[in-house]
Amino acid sequence: MSDLPSFLRTTAEEAAVLAGEYLQKVFRGQMDIDYKRDRHDLVTEHDRAAEELIVPFLLERDPSWRIIGEEGGAQGGDGQVTWYVDPIDGTSNFAQGLAFFCVSIGVAVDGELVAGAIFDPIARRLFSADHEHAYLDGEILRTPATQPAAAATMITGYPTARDLEADRETALGHFGDLAEAFSSLRRTGSGALTLAHVAAGWVDCAFGGSVNPWDVAAGALIVQRAGGSYQPLLLEAGVVGEHLAPAFVAQGPGAQYPALDHFVEHFTRVRVSS
């Protein structure tokens, strides 16, 4: 197939919308909630149901595709194409009725990200990317220049409960430094949708300190194709592939944020040495 990335992007868009339309119907309804690692790591019946819509849809297109889902693990074949599926990125928000969550589907060929889609089912905004461009609702998306720190908005999930355990008393100090440096500092609970907002220029920068491949595979590519920067933080040896790194910094064009740079330097140094 001569235009494989475009085909994969379209497929990712269709799968994300398929699951997103289901989530829109059940949002703020009664649901069963379980916990994975701890009380901060929720999963609902709808995470599983949405993934069970996506996986057969993809494998019907090509049974050789390998699919790595947040809920179902590795499925499918062992071909060159690997899909990273997060049926609900922002499950805690979804479970509590907060409308900041999305479906995120990224795809790599031979380990390299080539396409992806993020669908916000409540706002009904579809972000995607292929080998040429990023797109928002089918139109080419270009990230505008960032604002100076005093007028800029940063989104982060830091510090999570695990960050507080790892970084102890320094975590809140760093959070305070960032709150002082930026006009607005937000903790929104969805890494994928955060990256989509960076790509659209709705926020200026983002930091994620505890992410999985299905959280960022689509968003990393969308940010880059839109003209922003996605910097994976490789905290251990042997990690190959930006979507496999456990942390990231994403910024729009022209970003100059010394406070963020200082924080990232400290975060990386501490985590590598621990």
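In what sense do strand β13 and β15 pair, and over how many bridges? Strand β13 (residues 205-208) and β15 run antiparallel, with four bridges between them. Before going further, a word on the ground rules: this is a predicted model, in which local features need pLDDT of at least 70 and side-chain atom pairs count only at pLDDT 80 or more, while totals for chains, interfaces and linings use all residues. Residues are numbered from 1 along each chain as its sequence is written, and side-chain values use heavy atoms, leaving out hydrogens and water.

Let us stay with β15 for a moment. Strands here are DSSP runs of E with at least two residues, helices are runs of H or I with at least four residues, and both are numbered from the N terminus. Two strands pair if DSSP finds at least two bridges between them. Strand β14 (residues 229-233) also pairs with β15 in the antiparallel sense, over five bridges. To place yourself in the structure, look for C205 opposite Q251 of β15, and for P232 opposite F248 of β15.

Buried means under 20% relative accessible area, exposed means over 50%, and partly exposed lies in between, with a 1.4 Å probe and protein chains only. Strand β15 (residues 247-251) has five of its five residues buried, so it is largely enclosed by the rest of the structure. In a regular strand the side chains alternate between the two faces of the sheet. In β15, A247, V249 and Q251 point one way and F248 and A250 the other, and all are buried.

A hairpin is the next stop. Strand β3 (residues 66-69) and strand β4 (residues 73-76) are antiparallel and joined by four bridges. The hairpin between β3 and β4 passes through three residues, and I67 sits opposite Q75 in β4.

Now turn to D89, which belongs to strand β5 (residues 81-89). D89 is buried, with a relative accessible area of 5%. A polar contact is a pair of N or O atoms within 3.5 Å; within protein, one must be able to donate a hydrogen and the other to accept it, and residues adjacent in sequence count only if both atoms are side-chain atoms. The side chain of D89 reaches two backbone nitrogens, that of G191 at 3.0 Å and that of A192 at 2.9 Å. Leaving out residues up to four places away in sequence, D89 touches several residues, including F101, S190 and D215.

That brings us to F101, in the loop between α3 (91-96) and β6 (102-109). F101 is buried at a relative accessible area of 0%. Beyond its neighbours within four places in sequence, F101 has contacts that include L23, F27, F94, P121 and L193.

Another loop residue is T146, found between β10 (139-141) and β11 (153-156). Is T146 buried or exposed? T146 counts as buried because its relative accessibility is 16%. The side chain of T146 comes to 3.3 Å from the backbone nitrogen of A255. Setting aside neighbours within four places in sequence, T146 is in contact with D204, G252, P253, G254, A255 and Y257.

Definitions and conventions. Contact means heavy atoms within 4.5 Å.
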